[in-house]
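These are my notebook entries on one protein structure. I record what I looked up, item by item.

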Amino acid sequence: MIGGDTIPTGMSALFFYLARNQRCYRKLAEEIRTTFKISSQIRNGSQLAGADLRMSPPITGTLWRQQVVTPEEASEPLIIDGHTIPTGTQIGVNTYSLHHNEEYFPRPFTYLPERWLPDCPEYQTTNRNAFAAFSVGARGCAGKPMAYLEASLVIAKTLWYFDFEELTRAEANEYQLNDIVVSTHKGPWLKFTPRPERIAELHMMKN
């Protein structure tokens, strides 16, 4: 199923980075809990999803492409950035490497959600065109809006009803993914604590 692996992987990474970065966790929790009065008002979530998808893109590897040429074009080489690419050559850009290129994303190994917001100093030095977690162009993921909505609603509703923290702390400060076309992953292992004043809403909804 489309999104059956990539969306859960992206959300797992988001939970990991929020649990690991308390400044971001507290700021987001406060924003959600002070903006809404009841959970049913939450119809759009946060815009943090881009930050975790940059750090740990669900498709970490290279999506290879081959130039489609007409018979007339077959004799003409493809030139990319001054490099001649012979006909029939597969071409690709590694998503993880692209997202961690300091030329495009200053402090590439730092989880900094604010870099996506216009009032952040690094907004001006961040090349958002280099963000390719959903691929780009004609091959870009058609489900991108749905993925953002689903991830943002899940994190917003979770922070409305629960607090959470790391149950076991991984040594790496980056959410670890294994590249198998998409990704396999473990964890994060988190402990969720119900917020008593909000969990009561769920019981009322059931009744």
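**Entry 1**

I began with E166, which is buried, with a relative accessible area of 18%. I applied the cut-off for this label: buried means under 20% relative accessible area. I note at once that the model is predicted. I then looked up the partner of E166, and the side chains of E166 and R169 meet in a salt bridge, at 3.1 Å from N to O. R169 counts as exposed, at 60% relative accessibility. I also found that R20, E166 and R169 are joined into one network by salt bridges that share partners.

**Entry 2: The chain as a whole**

Next I looked up the elements of the protein chain. I found six helices and eight strands. From the N terminus on, I read their order as α-α-α-β-β-β-β-α-α-β-β-β-β-α.

I turned to the extent of the chain. Taken along the principal axes, the box filled by the C-alpha atoms is roughly 70 × 35 × 30 Å. The accessible surface comes to about 12700 Å², and 56% of this surface belongs to carbon and sulfur atoms. I also noted that 39% of the 207 residues count as buried.

Among contacts with a separation of 6 or more, 75% are accounted for by residues 24 or more positions apart.

For the charges, I recorded 21 positive and 22 negative ones, and their mean positions are 9 Å apart.

**Entry 3: Further salt bridges**

How many salt bridges does the structure hold? I found six salt bridges.

One of them joins D163 and R33, and the closest N and O atoms of this pair are 2.8 Å apart. D163 lies in strand β5 (residues 162-166) and R33 in helix α2 (residues 22-35), so this pair ties together parts that are 130 residues apart in sequence. I looked up the accessibility of D163 as well: D163 is partly exposed, with a relative accessible area of 30%.

Another salt bridge is formed by R107 with E122, the closest N and O atoms being 2.7 Å apart. Both R107 and E122 are in the loop between α4 (95-99) and α5 (144-161), 15 residues apart. Is R107 buried or partly exposed? R107 is partly exposed, with a relative accessible area of 45%, whereas E122 counts as buried, at 12% relative accessibility.

**Entry 4: Aromatic pairs**

I went on to the aromatic rings. A pair of aromatic rings is described by the distance of the centres and the angle of the planes. I counted eleven aromatic pairs in the structure.

The pair of F15 and F192 is edge-to-face, with 5.9 Å centre to centre and 75° between the planes. F15 is in helix α1 (residues 6-20) and F192 in strand β8 (residues 190-194), and the two are 177 residues apart. F15 counts as buried, at 12% relative accessibility, while F192 is partly exposed, with a relative accessible area of 37%.

I compared this with a second pair. Y17 and Y111 are stacked, at 5.0 Å centre to centre and with 10° between the planes. Y17 lies in helix α1 and Y111 in the loop between α4 and α5, so the pair ties together parts that are 94 residues apart in sequence. I found Y17 buried, with a relative accessible area of 0%, and Y111 also buried, with a relative accessible area of 6%.

Which residues do ring pairs link into a cluster with F15? I listed Y25, F162, F164 and F192 together with F15.

**Entry 5: A proline in the loop**

My last item was P108, which lies in the loop between α4 and α5. P108 is buried, with a relative accessible area of 7%.

I asked which residues are in contact with P108, leaving aside its neighbours within four places in sequence. I recorded R54, M55, H99, H100, N101 and E102.

Technical notes
Residues numbered from 1 in each chain as written. Predicted model: local features only at pLDDT ≥ 70, side-chain atom pairs only at ≥ 80, totals over all residues. Heavy atoms only, no water. Helix = DSSP H or I, 4+ residues; strand = E, 2+ residues; numbered from the N terminus. Buried < 20%, exposed > 50% of the residue type's maximum accessible area, 1.4 Å probe, protein only. Contact = heavy atoms within 4.5 Å. Areas by Shrake-Rupley, 256 points an atom, 1.4 Å probe, with all protein chains shown as cover. Lys, Arg positive; Asp, Glu negative; His and termini not counted. Charge placed at Lys NZ, Arg CZ, Asp CG, Glu CD. Salt bridge = Lys/Arg side-chain N within 4 Å of Asp/Glu carboxyl O. Phe/Tyr/Trp six-rings, centres within 6.5 Å; stacked < 30°, edge-to-face > 60°.
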